[in-house]
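Q: I'm new to this one and would like to learn how to read it. Could you walk me through a few features?

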Amino acid sequence: MPTKVENWKEEVYGNEIRDHLMEFAEEGWEAIPEDEHDAWFERFKWWGLYHQRSGQESYFMMRIGTPNGVIEPGQLEVIAEVADKYARGPEENPEFGDAYCDWTTRQSIQLHWIKIEDIPEIFELLESVGLSTQQACGDSWRNIVGCPVAGKDKHEHIDAWPIAEDLHETFKGDDDYANLPRKWKVSVTGCDQGCGQGDINDLAYEPAEKDGELGFNVRVGGGLSRKEPRLARDIDVWVPPEKAADIGHGMSALFREYGDRDDRFNARIKFLMDEWGPEKMRSVLQEEFVDFELPRAGEDMRDQYTYNAGGNEHGDHVGVHEQPDGNYYVGLNVLVGRMGVDDVYELAELAEEYGSGEVRLTQRQNVIVTDVDSDRLDAFLDEPLLEDYSPDPHPFMRGSIACTGTEFCSLSIVETKNRQVRYARWLKDNVSLPEGVEDFHIHLSGCTASCAQPQIADISLRGMKTRKDGEPVEAFDIGLGGGLGENPHFADWVEMRVAADEVPGYIENLLDAFEAEREGDETFREFVADRDEEALQSLADPEETGYDDPYLGNTKMTWYPYAEDSDMQSSPAPTDANDEPLPSDD
């Protein structure tokens, strides 16, 4: 039997949701029938809107898709304007203020505290500069990811940006692919860094040569969520650039027809790959969904991948890098991917003043300013904004990633962004990395949905609960040694339910053990890979330190973790178009 979500989608889905959104916007929050909230909130995702969690009724998160992370000249200022005018809630975040942009691990943008009544004006502003929230969420083609400096990098074999752009233009809003069994995540990589992270996507195009021609080998079935991570598998297909969209048509149509619509937890294509295997996946694609002979895989370039491979890498694109045209791109570190709106305005101005106005987003939640003239590079690097968003950050700042957490997300179990900010600062001030270690990645995810991609970090943190001194507290499972690169590996989970205030002490003790026991210039990934589970578990113990955690209690039970009066009963929600509380039905 189809799931309830499939039944809701059968009634209304895809492009037609926009008309309903506009009607609800005109009539206001109360026009959405209460007994239909779940159905409409599921449908709204197709247009980039997630309803926020309990206690924040009538507020939405909005996701703006930017394929391959490319924000074209003139677009960033409009993004800042939308955040400034429409993404201010009833309470401030103590670290980031009351308006900000989140750069995500899929190279897109998230805004919070959005009111449905403001949707028409927001859409008009975004669409005036070619931006859209369409299919930024939902069971369809999601934001296409790839090397964030495609076309501007000396490390690429083939410029993947035209391919990503073509896939975006081809499938965005296409009714034939609007209703898939689940989300469909696509990566296009043309460089030797592997920074498109194809291994963890449903469909991945990776650089490969065949008969002297550069194109892409195809991998299928990667993903991280549900505590069941999978690496995408080679289906023995090579595709030239001009046929990339045909493979996109074929693979997403195959998923549309054969994906599981009866069990939503089993609906991702990674589970179909488990059932079929690569050979059957290839044969069904050939026989039913493409009308040309599929070439066998070419000679791939995966042995050159360095992104998140455990060493000192170029692949996160932080820093100053020369482009093939002699200009420079500058990657700026954005701690946990969140930037206050005033800084977003300033970033847009600096990109126009020193570069082409283009800004790009990375899968590590950072930003890149491209096309900086060599004669103006030093002046750009001296700008005050770069003191807070450094192109040369400390490794603990550079490697910190965090998802949305209980601040807004209904799935999250723990507070994330402000906590990871505090973790990074405390570690920077109190813990030394072993000599020669310049990259060290700590990814903090609030639940098993893996939005912060914890399984591919040096240290992986996954939100949990435990008890301490007889009281419930927020906690983390801890994994070690994850990463992609030539030989991808998911983290080994070695500690369970460590109280959040004891995590920094565990990391300090772990790094002391790493320094004492490592051999030569052994990387942390190599160090972990050389030890079995028992040895890893014996490396370090959690410990209280001088680190203080203000979010140790159950933030899930608050209406907003940072509100002075955070009890659920104190929530102003739901509110009207002017953020005034609506009268109770009691």
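A: Strands are DSSP runs of E with at least two residues, helices are runs of H or I with at least four residues, and both are numbered from the N terminus. Two strands pair if DSSP finds at least two bridges between them. Keep in mind that this is a predicted model, where local features need pLDDT of at least 70, side-chain atom pairs count only at pLDDT 80 or more, and totals for chains, interfaces and linings use all residues. Residues are numbered from 1 along each chain as its sequence is written, and side-chain values use heavy atoms, leaving out hydrogens and water.

Q: What is the order of the strands in the open sheet of five strands?
A: In general, strands of a sheet pair through backbone hydrogen bonds, either parallel or antiparallel. Here the order is 3-15-16-13-12, with antiparallel pairing. Strand 3 (70-71) and strand 12 (319-322) are the edge strands, each pairing on one side only.

Q: How many bridges join strand 13 to strand 16?
A: Four bridges join strand 13 (residues 328-332) to strand 16 (residues 367-372). Across from Leu332 you'll find Val367 in strand 16.

Q: How many aromatic pairs are there?
A: Rings of Phe, Tyr and Trp (its six-membered ring) pair if their centres lie within 6.5 Å; planes under 30 degrees apart are stacked, over 60 edge-to-face, and the rest tilted. By this rule there are 33 aromatic pairs. Take Tyr59 and Trp113: their ring centres are 4.9 Å apart and their planes at 85 degrees, so this pair is edge-to-face. Tyr59 sits in strand 2 (residues 59-64) and Trp113 in strand 5 (residues 109-115), so the pair ties together parts 54 residues apart in sequence. Ring pairs also link Tyr59 and Trp113 into a cluster with Phe408, Tyr551, Trp559, Tyr560 and Tyr562.

Q: What sits over the ring of Tyr59?
A: A charge sits over a ring if NZ of Lys or CZ of Arg is within 6 Å of the ring centre and within 35 degrees of the ring normal. For Tyr59, the charged end of Lys115 does this, 4.4 Å from the ring centre.

Q: Is Thr406 buried or exposed?
A: Buried means under 20% relative accessible area, exposed over 50%, and partly exposed in between (1.4 Å probe, protein chains only). Thr406 has 0% relative accessibility, so it counts as buried. Thr406 lies in the loop between strand 17 and helix 14. Leu411 is found in the loop between strand 17 (400-402) and helix 14 (417-430), but Leu411 is exposed at 57%.
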